[in-house]
Amino acid sequence: MSKPLRIGFVPEHFSTPLHYAATRFSLAATLVPFPSGTGHMITSLRADEIDVGIGLTEGWVAGLGKPSADAGGGYKIVGTYVDTPLCWAISTGRDRDLGDVEALKGGKMGVSRIGSGSYVMGFVLADSKGWLKTPGEPPFEVVPLQTFAKLRDGVNDHTADFFMWEHFTSKKYYDNGEIKRIGEIYTPWSSWKIVAQDEGDERLTAMFESINQGVKYFEEHPDESVQYISTHLDYSEADAREWLKTVRFPADVKGVSHDTIGRTIEVLRKSGVIEGNEAKASNMIGISKH
């Protein structure tokens with residue numbers, strides 16, 4: 001009998017179909033939470049601590065666009081977990097006098113890790129504002145703070161001026177006054193992808209099937225999903241219900257489109273996150289979706 005897959009995931013509302021796959025549809029896996037996000041999962045994939053990761057498109061592509069010299073790429077993109085783009089909220093400390101995004105130019109940007117989604121989106125934001133001077137040169141002073149909790153603390157104690165994190169995860173902390181929202185930016189691509197150390201791993205077939213069943217159950221049981229998210233994942237019932245209106249999961253998570261990864265590479269290259277012309281979608285994709 002084969003060993004269960006070790007699947008890294010971010011314990012946020014997006015993980016609900018994965019929860020159903022594990023609890024209702026016999027997903028043969030050990031689920032390993034990564035609250036610090038995609039950048040940490042890349043490190044763990046390369047260290048053979050997990051077999052599969054479910055994380056942010058931009059983080060996976062940036063990691064493969066700049067593979068570490070000693071570890072190679074370490075993974076391939078094998079699936080599409082979420083079809084909709086991600087809304088990144090831009091936050092600062094509750095008492096900071098930064099009133100809008102324009103005030104952030106040249107400031108200190110808190111990120112979870114170098115190469116994570118929160119890091120990559122800083123370049124995308126700067127590019128959209130025309131703040132990039134030299135490709136690859138950070139448009140802000142980058143302050144790695146590991147976790148969402150430390151990022152919130154960082155903008156209040158002036159370690160960082162701002163950070164970016166998913167909107168609904170951040171909203172609770174706007175509502176309770178801990179941090180202040182000053183803007184938002186959407187990813188120009190669908191937001192979550194599945195990667196694997198070995199795209200030929202036979203266990204992936206059963207994994208895709210279980211996650212597909214989890215997605216179907218999620219869509220057919222919105223009230224149960226709201227209940228789960230609001231009692232287990234630190235979101236209010238109202239926010240969970242609102243989020244459900246904004247997200248779309250694919251009926252079949254297996255495979256990824258070359259167009260999506262190509263577009264992500266293009267934006268990341270323009271933003272200076274990926275350098276040179278060597279990064280190609282065909283080299284990053286393990287399983288294609290046409």
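The tour goes from the sheet to the helices and then to the salt bridges.

**Before you start**

This is a predicted model: local features need pLDDT of at least 70, side-chain atom pairs count only at pLDDT 80 or more, and totals for chains, interfaces and linings use all residues. Residues are numbered from 1 along each chain as its sequence is written, and side-chain values use heavy atoms, with hydrogens and water left out. Helices (H or I, at least four residues) and strands (E, at least two) are DSSP runs, numbered from the N terminus.

**Stop 1: the sheet**

Select β2, β1, β3, β10 and β4, in that order. These five strands form an open sheet with mixed pairing. Two strands pair if DSSP finds at least two bridges between them. Look at the edges: β2 (29-33) and β4 (76-82) each pair on one side only. From one strand to the next, the twist averages 25°.

Now zoom in on β3 (residues 52-56) and β10 (residues 192-196). They pair in the antiparallel sense, over five bridges. Pick Gly53; its bridge partner in β10 is Val195.

**Stop 2: helix α1**

Select residues 16-24, helix α1. Which of its residues are buried? They are Thr16, Pro17, Leu18, Tyr20 and Ala21. Buried means under 20% relative accessible area, exposed over 50%, and partly exposed in between (1.4 Å probe, protein chains only). Show the surroundings of these side chains. The buried residues of α1 pack against β1 (5-9), β2, β3, β4, α7 and α8. Then click Ser26, which follows α1 and has a positive phi, near 55°.

**Stop 3: α7 and α8**

Select α7 (residues 203-220) and α8 (residues 222-232). Their axes lie 5 Å apart, at an angle of about 100°. Axes are lines fitted to C-alpha atoms, for helices over the stretch in contact, and angles run from 0 to 180 degrees between N-to-C directions. α7 and α8 are therefore roughly perpendicular to each other (65 to 115 degrees; under 35 is roughly parallel, over 145 roughly antiparallel, the rest oblique).

Show side chains where the two helices meet. Tyr217, Phe218, Glu219 and Glu220 in α7 touch Pro222, Glu224 and Ser225 in α8. Contact means heavy atoms within 4.5 Å. By class, this contact has three nonpolar, one polar and three charged residues. Ala, Val, Leu, Ile, Met, Phe, Trp, Tyr, Cys and Pro count as nonpolar, Asp, Glu, Lys and Arg as charged, and the others, Gly among them, as polar.

**Stop 4: salt bridges**

Side chains of opposite charge can pair when their charged atoms come close. A salt bridge here is a side-chain nitrogen of Lys or Arg within 4 Å of a carboxyl oxygen of Asp or Glu. How many does a search of the whole structure find? It finds 17. Visit three of them.

- Select Glu102 and Lys129, whose side chains meet at 2.9 Å, N to O. Glu102 sits in the loop between β5 (87-93) and β6 (108-111), and Lys129 in helix α4 (residues 117-129), 27 residues apart. Glu102 is partly exposed at 47%, as is Lys129 at 35%.
- Select Asp175 and Lys171, with closest N and O atoms 2.8 Å apart. They are four residues apart in helix α6 (residues 167-175), about one helical turn. Asp175 is exposed at 52%; Lys171 is partly exposed at 23%.
- Select Glu184 and Arg181, which meet at 2.2 Å, N to O. Glu184 is partly exposed at 41%, and Arg181 is partly exposed at 30%.
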